[in-house]
Amino acid sequence: MQALDKKLLRDFRRLWVQALAIALVLACGVAILLTAFGMYRALDETRRAYYERNRFADVFVQARRVPDSLLPELRAIPGIMSLEPGIVGDAILDLPDRVVTAVGHIIALPDDNAHLLNVPILQTGQYPDATARFDVLVNEPFARAHAYRPGDSFAINLNGQKRQLRIVGTVQSPEFIYTIGPGALLPDNAGYAIIWMPRRAAAAAFDMAGAFNSLSVKLTSGVQPQPVIDAIDTLLEPYGGLGAHDRSQHPSDAFLSAEITQLRSMASILPPIFFGISAFLVSMVMGRVIALERSEIGLLKALGYSNVEVCLHYLMLAGLIAVVGILIGWGTGAWLARNLARQFAEFYEFPFLIYNISPWIYAMAGLAALLATVLGATRAALAAARLAPAIAMQPPAPPNFKRSAIDVAMASARLSQPTIMILRSFLRWPLRSLMTALGLAMAVAAVVASTFFNDALDSIVDNAFYASNRQDVMLLFAQDMPLATLEDVRRLPGALQVEGQQLHSAVLHHGSHQKNVAIEARLPNPDLSRVVDAKGRIVNAPPGGIVLSERLADQLRVTAGDVIEAEFLTGRRETFALTVTGTVNQYFGLGAYMDLEYLNALFRQAPRISVANVALDETRTDALHRALKDIPKLAGLVMLSDTRRSFNETIEENIVIMNTIYITIAVLITVGVAYNGARIQLSERARELASLRILGFTRGEVSYILMGETLLLALLAQPLGWLFGAWISKAMADGFTSDLYSIPLVLKPATYSNASLVVLAATVASVLIVRRRLDRLDLVAVMKTRE
């Protein structure tokens, strides 16, 4: 081993605490990059394989009733490789172990149980016989939630007749990776079931003999879906087609795609921040190491080592720090990615998980970390290489320091001598002070960016569940009902307040832009289900127009006053020109709202409703559900009170995990910056501080000088950290926004103050560690060292 190599290992051993602090920050960037990419790749690859193996369709459409005789024309549409007609419908379930009403989504099985598309995977039991009327398959999450096994049974209300269904098997399906019921925001495995029933039984239940009301289509490779969608819509229009759509509007795939997009956004925003901080820390430490080793550098050059060898020596020291950080980051990232991917796979009901982080991702993370470290060390290493031997052997010239107006001001303010020394040190090395403050500001930003989700989700919950949707139950009818139906609903047990509304599927057109949406029509000034904008203002859709959510208006490229075409796919299936009377900022979905009376007038019909919103006396919930199970026209219901509770529980659990991770990261950054900064201060000023002790300064006063500058920088870093945190929060909110939901940028004063408290506490702890070294200084040995 050559002398330089021995020196390299000795230096690395001597600086192990500072190197570890930097390596941990670097490891955070590597780990987050691996975790985000690993989870993103695992979910994306698993989804792709699941879709391919089970032939998940590319285009979906539902209709009122389409005769089987239309199938040859549909198959003849260019670009269609295969298609599968189906029968679907919703029904109310009466479960033996549950008082609360459940909803079942029924899907017809092919006669020979040989699916062409959307092939379910049998998990337990067997397929029902094609001639069986009441043997069914259920989705695995529903069976698991109720501990159902093949042979168990439950009741269902089919067109007003109660039937007893027998479970013969459980399955998982690519159509229901994320199983969410109508109007729900989160999966409710206990209250929403997917039921596969023999085709004959399903056709009899929904009056679909010789017909179908659902179609799944697989496209030929490379074919664009839109021309096929247009052709299907044209053929199905006379039969009540509800508008074909591709996978992007399939509920399960849309939620999964939004999750994958979030992971991709996280992988692109956070790691560069950690790599930047690591580069700064390496630059700070290496600069000080080289300043302390001037004489050694001069001696090395005098012995014949070239500038390149000296430069490489210090770059290799930085490289060793990077290697430690990369190894820790690889290990932590792989562990996190694997475990989190498994949790995601279970949450999203994948039957298998493909977890295989490609070597290039490890290489990319490692290369990025190494590059950041080397860039951070380059300036100091080049300075060492440029140092002439004769100059290096001499003590460094003292910094140019002269009395300025600031010194006069400090003296006039009658500041104590230690305080003046702190401020002078701060002003003497402004660049270093600025960089230290920047590092601490990034720690503050990390906490702000993580905890802003608390405020954002609080705002979402308040808006969605307490300001907009104040009803306890939404009753969804199988078809539009007369307004008088509300009187029947009002007589249900526990119903305190009842309001009706209509839901209609429609395609909104504006120029070349179009969007499939659900238009909600309400009476003026509703009390239970209201449109509330992000500022808490109640918005009523005036007669003669339509109100759009801002994200929908952006996608259609319209503003208030523009006229759009609304092609209704339900109701009278007519197209109307509607004026956009306003836009509203909302967090969930792409909302479109109309006045109910105006809509009924357009349809030239008596007042009708398709949804009844009910405020409930909670003490009579059981009685209500017993009554609901016998209503024949009821196709489904949403228990908003249960949704609120489930949403809050899920969000609270996720927030605790997220906050723990980000606060840990922030503490690591703070320790890395504050400890290294204070440690360098001690190295640079050891002789000065020892002199003060000898001159009579107390241990507390000397400690105050050492700690004061770091704490002052930490205080100055807070506003900058708040600014960076707000910027990162906005970038994350923008990155997480999709058609399904948006994350509002809500930053409360408590978010900033909590972030500051975390970072300031970590800073104090870091400098106290360094202070112990100051207390143990050997004054005589320090005074003997060369300045």
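Angles between axes under 35 degrees count as roughly parallel, over 145 as roughly antiparallel, 65 to 115 as roughly perpendicular and the rest as oblique. The structure looked at here is a predicted model, where local features need pLDDT of at least 70, side-chain atom pairs count only at pLDDT 80 or more, and totals for chains, interfaces and linings use all residues. Residues are numbered from 1 along each chain as its sequence is written, and side-chain values use heavy atoms, with hydrogens and water left out.

H14 spans residues 430–468 and bends by about 30 degrees at Asp462; helices (H or I, at least four residues) and strands (E, at least two) are DSSP runs, numbered from the N terminus. The bend is the angle between axes fitted to the seven residues ending at a residue and the seven starting there. Of the 39 residues in H14, 31 are buried, which leaves the helix mostly covered. Here buried means under 20% relative accessible area, exposed over 50%, and partly exposed in between, with a 1.4 Å probe and protein chains only.

Helix H21 (residues 749–775) packs against H14 at an angle of about 140 degrees, the two axes lying 8 Å apart. These axes are lines fitted to C-alpha atoms, for helices over the stretch in contact, and the angles run from 0 to 180 degrees between N-to-C directions. H14 and H21 are therefore oblique to each other. On the H14 side, Leu440, Ala443, Val444, Val447, Val448, Thr451, Phe452 and Asp455 take part, and they meet Thr751, Tyr752, Ala755, Val758, Val759 and Thr763 of H21, contact being heavy atoms within 4.5 Å. The residues of this contact split into 10 nonpolar, three polar and one charged. In this scheme Ala, Val, Leu, Ile, Met, Phe, Trp, Tyr, Cys and Pro are nonpolar, Asp, Glu, Lys and Arg are charged, and the others, Gly among them, are polar.

Elsewhere, Ala385 sits in helix H10 (residues 359–386). Ala385 counts as buried because its relative accessibility is 10%. Setting aside neighbours within four places in sequence, Ala385 touches Lys301, Asn307, Val310 and Cys311.

Glu349 lies in the loop between helix H9 (307–347) and H10, and is buried, with a relative accessible area of 10%. Asn525 belongs to the loop between strand E14 (513–522) and strand E15 (531–532), and counts as exposed at 60% relative accessibility.
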